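Work through the following exercises with the sequence and the model open side by side. Each task is followed by a solution in steps.

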Amino acid sequence: MAIDKIQSESINLADNFAFSGTVTGAGETIKPAFRATMSTNQDLSQVTWTKINFNTETFDTDGNYDHSSNYRFTPTTAGKYFIYTNIQYTSTGLLYEGRSKIYKNGSGTIEGKFYNNNDKRHLGGYAICTILDMNGSSDYVEAYGYGQGDTPRIVAVQSDFGAYKLF
């Protein structure tokens, strides 16, 4: 007998159920996924986009993040991905500007920036996120930073980069 609708009063949620059809929306996973941080601060060249060396994996569910040479995420499952980075900047003196950008396949996709108005700050940061389609074979994403000030650098203990599959 086929059942079109189950009433909440007629089902014991503590029971186990065996389904012979297709069940959707139950037990979905958000992988592949990764999060990476930095083991040391990274100096930036003045007013130059620089790939950030997120070289320490917090987790990498499917081994799709290269934490040793390219510092890029290349998921092997096609879909829409939530991608984020939080980059904190510092300098030895005044930090005029800091920018963060997520690149897909070598081109910038989304950028965040902050400016200091000569108020002698030497610390700032920006978190950005986006949702991107990834083809599951050759698409990849990377995080870049840009600084202008007195020896701008990325603060390792406060910066991270990550992504996970939405659907």
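**Exercise 1. Place Val155 in the fold.**

Step 1. Leaving out residues up to four places away in sequence, Val155 touches Asn41, Gln88, Tyr89, Thr90 and Leu123; contact means heavy atoms within 4.5 Å.

Step 2. Val155 belongs to the loop between strand 12 (153-154) and strand 13. Strands are DSSP runs of E with at least two residues, helices are runs of H or I with at least four residues, and both are numbered from the N terminus.

Step 3. With a relative accessibility of 12%, Val155 counts as buried. Buried means under 20% relative accessible area, exposed over 50%, and partly exposed in between (1.4 Å probe, protein chains only).

Step 4. Ile87 is 68 residues from Val155 in sequence, while their C-alpha atoms are 7.5 Å apart.

The model used here is predicted: local features need pLDDT of at least 70, side-chain atom pairs count only at pLDDT 80 or more, and totals for chains, interfaces and linings use all residues. Residues are numbered from 1 along each chain as its sequence is written, and side-chain values use heavy atoms, with hydrogens and water left out.

**Exercise 2. Summarise the whole chain.**

Step 1. The protein has zero helices and 13 strands.

Step 2. Of its 167 residues, 40% are buried.

Step 3. Take the contacts between residues at least 6 apart in sequence: 72% of them join residues at least 24 apart.

Step 4. The accessible surface is about 9,500 Å², and carbon and sulfur atoms account for 48% of it. These areas come from the Shrake-Rupley method with a 1.4 Å probe; for residues, only the protein chains shown count as cover.

**Exercise 3. Which residues touch the most other members of the largest nonpolar core?**

Step 1. A nonpolar core is a set of buried Ala, Val, Leu, Ile, Met, Phe, Trp, Tyr and Cys residues joined through side-chain atoms within 4.5 Å. In soluble globular proteins, nonpolar side chains tend to be buried together.

Step 2. The largest core here has 25 residues, and Phe54, Tyr65, Ile83, Val141 and Phe161 touch the most other members.

Step 3. At least two core residues come from each of strand 1 (33-37), strand 7 (79-90), strand 8, strand 10, strand 11 and strand 13 (160-165). Strand 7 gives the largest share, four residues.

Step 4. Beyond its neighbours within four places in sequence, Phe161 contacts residues including Phe34, Phe54, Tyr65, Ile83 and Val141.

Step 5. Phe161 also belongs to an aromatic cluster with Phe34, Phe54, Tyr65, Phe73 and Tyr81. The whole structure has eleven aromatic pairs, where rings of Phe, Tyr and Trp (its six-membered ring) pair if their centres lie within 6.5 Å; planes under 30 degrees apart count as stacked, over 60 as edge-to-face and the rest as tilted.

**Exercise 4. Where do the non-glycine residues Tyr71 and Thr151 lie, given their positive phi?**

Step 1. Tyr71, with phi near 50°, lies in the loop between strand 5 (65-66) and strand 6 (72-73). Tyr71 is buried, with a relative accessible area of 14%.

Step 2. Thr151, with phi of about 55°, is in the loop between strand 11 and strand 12. Thr151 is partly exposed, at 39% relative accessibility.
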